[in-house]
Structures are given as structure tokens and as C-alpha cells.
Amino acid sequence: MITGESGHAAAGRLLIVACFLVTGVSNLTPARIKDHIDRMAAFGTPLPRAAFWLGIALQLTGCALVATGWHAELGAWCLIVFTVAATAIFHRFWQMADPLRRNFSRLMLLSNAGVLGGLLLLLANVR
């Protein structure tokens, strides 16, 4: 627990970490790695393999820092940068022709905007 942190704040912090940790670890199977790198290349991401691994590093480092409370502000920034970059790469719904994919991607972009709101609140709480 971060010094002076309420039980609600601690629960919120750990839920945010759990969300990023579960998705990050689940993306480390060979099939998911290949899928992400292929989609990043298709979306025109420069150096998609390096970008994927940088994203994983930001995600897992951010989780570790926020979960332990050691440099939690830096960890929150790691997760903010990761979320903005991943959203910009994968959820450009306006470029999708298929209505179902477009709607799903739009909802994911909005969901990630909510996650960013939570991360900004976390950032304010760990300073």
C-alpha cells in the first residue's frame, strides 16, 4: 500500500494493475505475439516487432512499479504511454470498412479513454 492511501484507492490501483497484467501476459503466447506484430505491420507501424516488445516492456514495467508503489508515478506514466500508443495503433475505427469491426474498435477506443481517466486519477493519487 502506498503511504496514506485509502482502501478504495488501493483497490482501484490493484484493479488497474490486474487489467494490464492479465492482458500483457496473455499476449505473450507465440500466436498472440505473431498476431500483434502482423497487425501492427498491416497498420503501418514502424518497426512492428520492436514496437511490440517496447509496448510489452512499458506495460509490465508500469504494472510492477504501480503494484509495488516504488516509483508509482513513473509506472502510471508507462501505462499512460502504452495505452495511448496501443489505442492509436489498433483502434482507428474510422479507417475500418466492416461495420462490426468499426463499432468494436470505436467501443475499444472509448473504453481505453476511460482507462486513461483512471490512470490520470491514479497519477494524481500517487504524487
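The buried residues of H3 are Pro48, Phe52, Gly55, Ile56, Gln59, Gly62, Cys63, Leu65 and Val66; buried here means under 20% relative accessible area, with exposed being over 50% and partly exposed in between (1.4 Å probe, protein chains only). This is a predicted model, where local features need pLDDT of at least 70 and side-chain atom pairs count only at pLDDT 80 or more, while totals for chains, interfaces and linings use all residues. Residues are numbered from 1 along each chain as its sequence is written, and side-chain values use heavy atoms, leaving out hydrogens and water.

**Helix H3**

- Helices are DSSP runs (H or I, at least four residues), just as strands are (E, at least two), and both are numbered from the N terminus.
- H3 runs over 21 residues and reaches 30 Å from its first C-alpha to its last, close to the 30 Å expected at 1.5 Å a residue; the expected span is 1.5 Å times one less than the number of residues.
- As for what sits over its buried residues, the cover includes H1, H2, H4 and H5.
- Just after H3 comes Gly69, with a positive phi of about 80°.

**Helix H4**

- H4 takes in residues 72–90, Leu74 among them.
- With 19 residues, H4 reaches 26 Å from first C-alpha to last, close to the 27 Å expected at 1.5 Å a residue.
- On the surface, Leu74, Trp77 and Val81 make up a nonpolar patch with about 280 Å² of accessible area together.
- For the patch rule, residues need over 30% relative accessible area and no salt bridge; like charges are joined within 9 Å, and nonpolar side chains (Val, Leu, Ile, Met, Phe, Trp, Tyr) within 5 Å.
- Accessible areas come from the Shrake-Rupley method with a 1.4 Å probe, and for residues only the protein chains shown count as cover.

**Cysteines**

- The disulfide count comes to 0, going by a rule that asks for a pair of cysteine sulfur atoms within 2.5 Å.
- Cys78 is in no disulfide either: the nearest cysteine sulfur is that of Cys63, 9.7 Å away.
- Cys78 is buried as well, with a relative accessible area of 11%.

- Searching the whole structure turns up 3 salt bridges, each defined as a side-chain nitrogen of Lys or Arg within 4 Å of a carboxyl oxygen of Asp or Glu.
- Arg32 pairs with Asp35, their closest N and O atoms being 3.1 Å apart; the two are 3 residues apart in helix H2, so about one helical turn separates them.
- Arg39 also bridges to Asp35, at 3.2 Å between the closest N and O atoms, and this pair is 4 residues apart in helix H2, about one turn of the helix.
- Put together, Arg32, Asp35 and Arg39 are linked in a network of salt bridges.
- Every member of that trio is partly exposed: Arg32 has a relative accessible area of 32%, Asp35 has 27% and Arg39 has 30%.
- Lys34 and Asp38 meet in a salt bridge of 2.5 Å, N to O; they are 4 residues apart in helix H2, so again about one helical turn separates them.
- Lys34 is exposed, with a relative accessible area of 51%, whereas Asp38 counts as partly exposed at 40%.

**Positive phi in the loops**

- Most residues other than glycine have a negative phi.
- Leu47 has a phi near 45°, a positive value in a residue other than glycine; Leu47 belongs to the loop between H2 and H3 and is exposed, with a relative accessible area of 66%.
- His71 shows a positive phi too, near 55°; His71 is in the loop between H3 and H4 and counts as partly exposed at 47% relative accessibility.

Definitions and conventions
Contact means heavy atoms within 4.5 Å.
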